[in-house]
Amino acid sequence: MSTSVVNGREPQGNYPQKFAELTDNVLFGDIWTRTQLKPRERSLVTVAVLVAMHRLEQLPFHLKRALDNGVSADELAEVITHLAFYSGWPTAASALNVLSELQLCLSERQELPLMPFARISLHRGKSAEYLQALSQGVHDALVESFEVPKADRFQVIHQHEVGELIFDPHYLGGPRSHDFVLIAITAGRARSVTTKQHFYRDLVEKLGRATGLNAEDVMVVITTTAGNEWSFGGGRGN
């Protein structure tokens with residue numbers, strides 16, 4: 001099964017805004033979704049080119065995407081082995097090492113809980129419909145952009161009286177209004193910088209559509225924990 005476009009960003013650093021828009025909207029929003037080639041075929045072509053050109057920085061992302069698009073690890077290894085006779089033995093050996101490291105990383109990640117727990121704080125006075133839309137928007141963004149299973153939904157909404165939710169209206173952003181929302185996410189494992197950056201954007205877009213909340217009124221804090229620091233009930237640890 002293919003990955004969704006929202007997870008398509010390339011994993012290096014901070015892009016200028018225009019380059020990020022082209023990456024999201026043209027490369028992954030258009031080229032990768034064209035029906036002339038299936039997603040797994042596009043992944044195989046992309047991996048082959050990256051291996052041949054020895055673009056190791058880009059390779060882990062596209063190897064992972066290939067696996068998500070239905071290409072097996074054995075098929076990827078075979079493609080890289082085949083390329084050894086066309087693009088060079090050292091190039092293929094480096095790529096096989098990247099594939100091996102990725103498989104080990106994915107194996108370790110599968111043993112860690114994916115969850116987060118979301119604590120949503122805002123001023124008292126919003127309607128039940130608003131709170132439901134806020135809750136759903138947070139969860140949808142976590143599922144679509146933060147690698148969270150759809151059924152993994154644990155949230156607490158805290159409503160505060162005036163003077164109990166304290167924030168600077170202009171520090172590192174703003175202006176912030178009375179609608180300010182603080183979303184504290186406790187996650188079970190770390191996500192990449194790219195994943196978090198996309199989650200932040202996706203979250204404010206979803207909340208804006210669902211509630212009319214201004215993006216400057218959304219603050220997010222993410223904390224990661226070890227799996228053994230969670231118990232989902234019954235006195236059982238993870």
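**View A. Proline 116 stands opposite alanine 187 of strand S3 in the sheet.** This is a predicted model, in which local features need pLDDT of at least 70 and side-chain atom pairs count only at pLDDT 80 or more, whereas totals for chains, interfaces and linings use all residues. Residues are numbered from 1 along each chain as its sequence is written, and side-chain values use heavy atoms, with hydrogens and water left out. Strands S1 and S3 run antiparallel and are joined by 7 bridges; two strands are said to pair if DSSP finds at least two bridges between them. Helices (H or I, at least four residues) and strands (E, at least two) are DSSP runs numbered from the N terminus.

**View B. The open sheet has 4 strands in the order S2-S1-S3-S4, with mixed pairing.** Strand S2 (155-160) and strand S4 (218-224) stand at the edges with a single partner strand each, so one side of each is left without a neighbour in the sheet. From one strand to the next the twist averages 15°, where axes are lines fitted to C-alpha atoms, for helices over the stretch in contact, and angles run from 0 to 180 degrees between N-to-C directions. Strand S1 (residues 116-123) pairs with S2 in the parallel sense over 6 bridges, and leucine 122 stands opposite glutamine 159 in S2. The pairing of S3 with S4 is also parallel, over 7 bridges, and here leucine 182 stands opposite methionine 219 in S4.

**View C. The side chains of S3 alternate between two faces.** Buried means under 20% relative accessible area, exposed means over 50%, and partly exposed lies in between, with a 1.4 Å probe and protein chains only. In the protein chain, buried residues make up 35% of the 238 residues.

**View D. Helices H6 and H7 lie across the sheet and pack against each other.** Helix H6 (residues 128-145) lies across S1, S2 and strand S3 (181-187), running at about 145° to S1, whereas helix H7 (residues 193-211) lies across S3 and S4 at about 140° to S4. The axes of H6 and H7 are 9 Å apart, and the two helices pack at an angle of about 150°. H6 and H7 are therefore roughly antiparallel to each other; angles under 35 degrees count as roughly parallel, over 145 as roughly antiparallel, 65 to 115 as roughly perpendicular, and the rest as oblique. Residues in contact (heavy atoms within 4.5 Å) include Tyr130, Leu134 and Val138 of H6 and Phe199, Leu203 and Leu207 of H7. The residues of this contact divide into 10 nonpolar, 5 polar and 4 charged, with Ala, Val, Leu, Ile, Met, Phe, Trp, Tyr, Cys and Pro counted as nonpolar, Asp, Glu, Lys and Arg as charged, and the others, Gly among them, as polar.

**View E. Helix H2 (residues 39-52) crosses helix H4 (residues 73-87) at roughly 40°.** The axes of the two helices come within 10 Å, and H2 and H4 are therefore oblique to each other, in a crossing that is right-handed. The contact is made by Arg40, Leu44, Val47, Ala48, Val51 and Ala52 of H2 together with Glu75, Leu76, Val79, Ile80, Leu83 and Ser87 of H4. By class, the residues of the contact of H2 with H4 comprise 9 nonpolar, 1 polar and 2 charged.

**View F. Histidine 54 is found in the loop between H2 and helix H3 (59-68).** Phi of histidine 54 is near 60°, a positive value in a residue other than glycine, and at 38% relative accessibility histidine 54 counts as partly exposed. Within H3, the buried residues include Leu59, Phe61 and Leu63. Glycine 70, which follows H3, has a positive phi near 100°.

**View G. Leucine 172 and proline 175 lie in the loop between S2 and S3.** Although leucine 172 is not a glycine, its phi is positive, about 50°, and its relative accessible area of 75% makes leucine 172 exposed. The peptide bond from glycine 174 to proline 175 is cis, with omega near 10°.

How values were computed
A crossing is left-handed if the near helix is turned anticlockwise from the far one by less than a right angle, and right-handed if clockwise.
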